[in-house]
Amino acid sequence: CQKMPLFKQDATYYAQEVKAGRLTASQLVDWALENIQALNPSLHAVAHVQAESARAQAQAHDQLWRQLSESERQELPAFFGVPILLKDLGQLQAGEPSYAGAQLMADYVANQTSYFVERIQALGFIVVGRTNVPEFGFKNISDAQFTGAVSYPGDLTRNAGGSSGGAAAALKAGMVPIVTASDGGGSIRIPASFCGLIGLKPSRGRVPVGPDGYRGWQGASVHFALTKSVRDTWTLLEGLQVEQWAAPYMVPQMSPGPLTLPQRPLRIAYLLDSPLTPQVRLDVANLLRQTVERLAGMGHELVAVDFPVDVIAAARDYTTMNAVETVAMMRGFEASLGRALTPDDMEPMTWGIYQAGLPWDAADYSQLLGRWDQLAADMENFFQDYDLLLTPGTNGPAPLHGSFAASAEMAQRLLNQEGLAKEARTDLIMERWKDSWAYTPWTFLQNLAGQPAIMLPLGKSSEGLPLGVQLWAGKGQERVLCQLATAFEAAGVLETEIIE
């Protein structure tokens with residue numbers, strides 16, 4: 001039989017082809033489903049396929065198109081008829097399973113649809129399945145024991161990243177032209193760096209939340225997407241943005257209008273070193289230097305700075321927040337199951353985080369959130385002096401599978417924390433994450449601050465693998481991030497091609 005084509009173009013291209021009648025939604029969905037069937041056995045990028053509902057939706061799209069006049073077809077939603085994969089973590093669709101990479105979720109079927117997913121569907125997308133993640137999204141790689149490790153399409157010995165690793169691998173392989181993702185500490189941006197994609201983490205409050213939860217990780221986690229073009233990123237952001245008065249966080253909507261190049265020279269701070277990283281790789285340092293030179297050549301002012309906040313203290317608070325939020329999540333499971341959870345219910349890493357959160361009380365957590373608020377205020381003050389902050393993306397390319405695996409001794413320490421004080425339990429989790437922190441130290445502060453950041457595929461590692469560079473801005477400043485991304489795209493230096 002004839003091989004179905006991979007999705008080499010961006011989502012906007014395919015939507016335009018459908019609106020013009022040169023392709024149909026049914027054709028695109030069939031291509032996506034066959035691509036998944038052919039490629040997923042080697043990548044483990046997709047955790048669930050929903051072929052029947054996707055084909056039914058595609059037929060409904062095609063029928064609607066046939067009923068419209070030519071002018072009416074151009075008014076269809078921006079991504080009409082385009083197949084998409086949802087990240088299988090917190091992006092629920094009624095009647096469909098959601099595993100979150102966890103055996104505890106093996107039998108879960110959503111009874112409601114997330115507002116984020118409703119907006120995705122309203123933009124014309126057709127959901128064809130759900131992408132693989134690490135268990136509950138806790139890692140910067142995707143290696144869930146329940147749903148399998150996700151491979152980078154260009155080298156199957158390497159991991160595509162986390163927690164949106166399945167999404168990144170599916171997009172880089174050309175299964176679909178766009179994927180949703182989410183980011184609680186770099187989970188959009190890390191896989192974007194590893195896989196050579198564009199990864200925007202929007203401002204806290206930019207996109208819809210609820211009704212399944214309104215303050216994921218106290219607002220640190222936000223949903224969006226991975227893309228292959230800036231126009232996809234911007235069009236999607238415009239379509240998803242909302243002033244959601246019922247939600248705990250909100251930013252003013254961006255004014256409408258086409259995305260342009262930067263309208264003035266920008267003042268851009270940059271830094272290389274992080275207290276979490278003993279040594280920055282030479283190829284990572286060289287890419288940052290090249291980016292600084294490129295930006296200066298565009299007419300922008302570049303200023304070397306140090307981190308304006310205490311990174312180590314913020315990392316401790318971030319770790320504790322993860323642990324406390326995990327306790328809340330596990331109590332929900334216990335109530336649903338009618339029994340206490342045991343280590344057999346989850347991976348040692350997850351159990352360890354759960355146990356680390358148990359001793360912290362409400363007063364401790366209130367003080368932590370106060371420090372978190374101060375960090376956000378300090379970073380907003382920083383962006384009164386600078387338009388952007390430029391950092392490396394990751395301290396190396398997609399890592400080999402097993403690079404951050406826990407030793408047997410560490411696994412036992414995670415499982416047996418009795419007698420440890422609360423601070424010692426946080427120390428243990430930070431020790432477990434030490435290598436991961438060193439590899440991806442630049443992507444979690446934006447989540448605490450609630451500020452937007454974008455990962456751009458601007459170079460290659462010494463192994464010839466993708467490397468990203470990160471730009472970070474104050475709250476609500478996604479436009480300037482995308483304007484600068486447009487300048488890089490216009491210069492032809494964004495490397496987002498799929499891997500065949």
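# Questions on a predicted model

Reader: Which residue makes a polar contact of 3.0 Å with the side chain of Gln-446?

Author: This is a predicted model. In it, the side chain of Gln-446 meets another side chain in a polar contact of 3.0 Å. Gln-446 belongs to helix H16, residues 445–449. The partner is Arg-189.

Reader: Is Gln-446 buried or exposed?

Author: Buried means under 20% relative accessible area. Gln-446 touches Arg-189, Lys-201, Gln-451, Ala-453, Gln-470 and Trp-472, leaving out residues up to four places away in sequence. Its relative accessibility is 0%, so Gln-446 is buried.

Reader: How many disulfides are there?

Author: A disulfide needs two cysteine sulfur atoms within 2.5 Å. The count is 0 disulfides. Take Cys-195: the nearest cysteine sulfur belongs to Cys-482 and is 20 Å away, and Cys-195 is in no disulfide. Cys-482 is likewise in no disulfide, with the sulfur of Cys-195 nearest at 20 Å, and the total stays at 0.

Reader: What is the relative accessible area of Cys-482?

Author: Cys-195 is buried, at 0% relative accessibility. Cys-482 is buried too. Its relative accessible area is 0%.

Reader: In which sense do strands E11 and E12 pair?

Author: E11 covers residues 267–270 and E12 covers residues 301–304. They pair over 4 bridges. One of the bridges links Tyr-270 to Ala-304 in E12. The sense is parallel.

Reader: What is the hand of the crossover from E11 to E12?

Author: The chain leaves E11 and passes through helix H9, residues 282–297. It then reaches E12, which makes a β-α-β crossover. The hand is right-handed.

Reader: Which residue of E13 stands opposite Tyr-270?

Author: Strand E13 spans residues 388–392. E11 and E13 run parallel and are joined by 3 bridges. In E13, Tyr-270 stands opposite Leu-390.

Reader: Where in the chain is the cis peptide bond that joins Gly-162 and Ser-163?

Author: Most peptide bonds are trans. The bond between Gly-162 and Ser-163 is cis, with omega about 0°. Ser-163 lies in the loop between strand E7 (155–159) and helix H6 (165–172).

Reader: What is omega for the bond from Gly-210 to Pro-211?

Author: Pro-211 sits in the loop between strand E9 (198–201) and strand E10 (222–227). The peptide bond from Gly-210 to Pro-211 is cis. Its omega is near -10°.

Reader: What is the phi of Trp-217, and what is that of Gln-218?

Author: Most residues other than glycine have a negative phi. Trp-217 is in the loop between E9 and E10, and Gln-218 is in the loop between E9 and E10 as well. Both values are positive: phi is near 50° for Trp-217 and about 55° for Gln-218.

Reader: Are Trp-217 and Gln-218 buried or exposed?

Author: The cut-off for buried is under 20% relative accessible area. Trp-217 has 18% relative accessibility, so Trp-217 is buried. Gln-218 has a relative accessible area of 16%, so Gln-218 is buried.

Reader: Why is helix H11 largely enclosed, and which helices do its buried residues pack against?

Author: Helix H11 (residues 348–357) is largely enclosed by the rest of the structure because 9 of its 10 residues are buried. Among them are Trp-351, Ile-353 and Tyr-354. The buried residues of H11 pack against H10, helix H13 (408–415) and helix H14 (422–432).

Technical notes. Residues numbered from 1 in each chain as written. Predicted model: local features only at pLDDT ≥ 70, side-chain atom pairs only at ≥ 80, totals over all residues. Heavy atoms only, no water. Buried < 20%, exposed > 50% of the residue type's maximum accessible area, 1.4 Å probe, protein only. Pairing = 2+ DSSP bridges. Helix = DSSP H or I, 4+ residues; strand = E, 2+ residues; numbered from the N terminus. Right-handed = clockwise from strand over helix to strand, strands pointing away. Polar contact = N/O pair within 3.5 Å; in protein donor to acceptor, adjacent residues only side chain to side chain. Contact = heavy atoms within 4.5 Å.
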